Amino acid sequence: MGVFENIGSIGWDTATYWLYVAVAVLAGILSWLSFAGASKGNGSGARKPPFVLAMALLIVFKGFCVSTRDVETGYYLNFMSATSFESFRDYTLEPLYQVLNVVVRNITSDYGIFLMVVAAITIAPVGFVIWRCRSRVNVPFAVLGYSLVYLVTGMSAIRQSI
């Protein structure tokens, strides 16, 4: 299913943990590069491409990562049944999440694309807010903190928010 599925062995192990830490640190370093050499303390001299690359890294990693039972089974079965609202498998889920499933499923039957869309919906708004608040927050620390705390559980949280 996913490129980063079960790194090391089945389920969560030390290699999976270090993979997540490495991705978070790399995103933090890329965010830091946005501000390296910037002369103004208010964030106005920051360069956007390294920060965008950090967010793209998080989106691609999360989109390719199948590390939870929900993503392997529940989300997959829901997506495959989402040819219409009537055929959607679990009608107890949030209505807009059902809409997202049906829309993407009617465009493509590739589950990987659906995971990438959900990853983008999960991470892009956070990146947008962090960048907009760059004059008030430490951007590399915010990206590193977000990556370490919410990268694993973020897709379930955004589904519940939708």
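Predicted model: local features only at pLDDT ≥ 70, side-chain atom pairs only at ≥ 80, totals over all residues.
**Entry 1: ground rules**

The expected span of a helix is 1.5 Å times one less than its number of residues. A helix here is a DSSP run of H or I with at least four residues, a strand is a run of E with at least two, and both are numbered from the N terminus.

Residues are numbered from 1 along each chain as its sequence is written, and side-chain values use heavy atoms, with hydrogens and water left out.

**Entry 2: the whole chain**

I looked up the secondary structure and got seven helices and zero strands. Read from the N terminus, the elements go α-α-α-α-α-α-α. Next I checked burial, where buried means under 20% relative accessible area, exposed means over 50%, and partly exposed is in between (1.4 Å probe, protein chains only). Of the 162 residues, 40% count as buried. Then came contacts, meaning heavy atoms within 4.5 Å. Among contacts between residues at least 6 apart in sequence, 65% join residues at least 24 apart.

**Entry 3: back to α6**

Which residues of α6 are buried? I found Val139, Pro140, Val143, Tyr146 and Ser147. Looking down the axis of α6, I see these buried residues within an arc of 135°, so they line one face of the helix. (The arc is that of the directions from the helix axis to the C-beta atoms.) The buried residues of α6 pack against α1 (14-35), α2 (48-64) and α5. On the face turned away from the buried side I found Phe141 and Val149, both exposed.

Ser147 has a relative accessible area of 2%, so it is buried. A polar atom of its side chain lies 2.7 Å from the backbone oxygen of Val143. Not counting residues up to four places away in sequence, Ser147 touches Ala24, Ala27 and Leu58.

**Entry 4: α5**

I ran the span check again on α5, residues 111-132. Its 22 residues should span 32 Å, and the end C-alpha atoms are 32 Å apart, which agrees. The buried residues of α5 include Val118, Ala119, Thr122 and Ile123. What caps the N-terminal end of α5? Asp110 does: one of its side-chain oxygens lies 2.9 Å from the backbone nitrogen of Gly112. For polar contacts I use a pair of N or O atoms within 3.5 Å; within protein, one must be able to donate a hydrogen and the other to accept it, and residues adjacent in sequence count only if both atoms are side-chain atoms.

**Entry 5: rings**

Rings of Phe, Tyr and Trp (its six-membered ring) pair if their centres lie within 6.5 Å; planes under 30 degrees apart are stacked, over 60 edge-to-face, and the rest tilted. How many aromatic pairs does the whole structure hold? The search finds ten.

One of them is Phe51 with Trp131, a tilted pair at 5.0 Å centre to centre and 35° between the planes. This pair links distant parts of the chain, with Phe51 in α2 and Trp131 in α5, 80 residues apart. Phe51 is buried at 3% relative accessible area, and Trp131 is buried at 8%.

I also noted Tyr111 and Phe114, a stacked pair at 6.2 Å centre to centre with 25° between the planes. Both lie in α5, three residues apart, about one turn of the helix. An α-helix has 3.6 residues a turn, so residues three or four places apart point the same way. Tyr111 counts as buried at 8% relative accessibility, and Phe114 is buried at 1%. Ring pairs join Tyr111 and Phe114 with Tyr75, Tyr76, Phe79 and Tyr97 in a cluster. I then found the charged end of Arg105 over the ring of Phe79, 5.8 Å from its centre; the test wants NZ of Lys or CZ of Arg within 6 Å of the ring centre and within 35 degrees of the ring normal.

**Entry 6: two last residues**

Asn101 lies in α4, residues 95-107. Asn101 counts as buried, at 0% relative accessibility. Leaving aside neighbours within four places in sequence, I list Asn78, Phe79, Ala82, Phe88 and Phe114 as its contacts.

Phe85 is in the loop between α3 (69-80) and α4, and it counts as partly exposed at 45% relative accessibility. Phe85 and Val99 are 14 residues apart in sequence and 7.7 Å apart in space, C-alpha to C-alpha. With neighbours within four places left aside, Phe85 is in contact with Gln98, Val99 and Val102.
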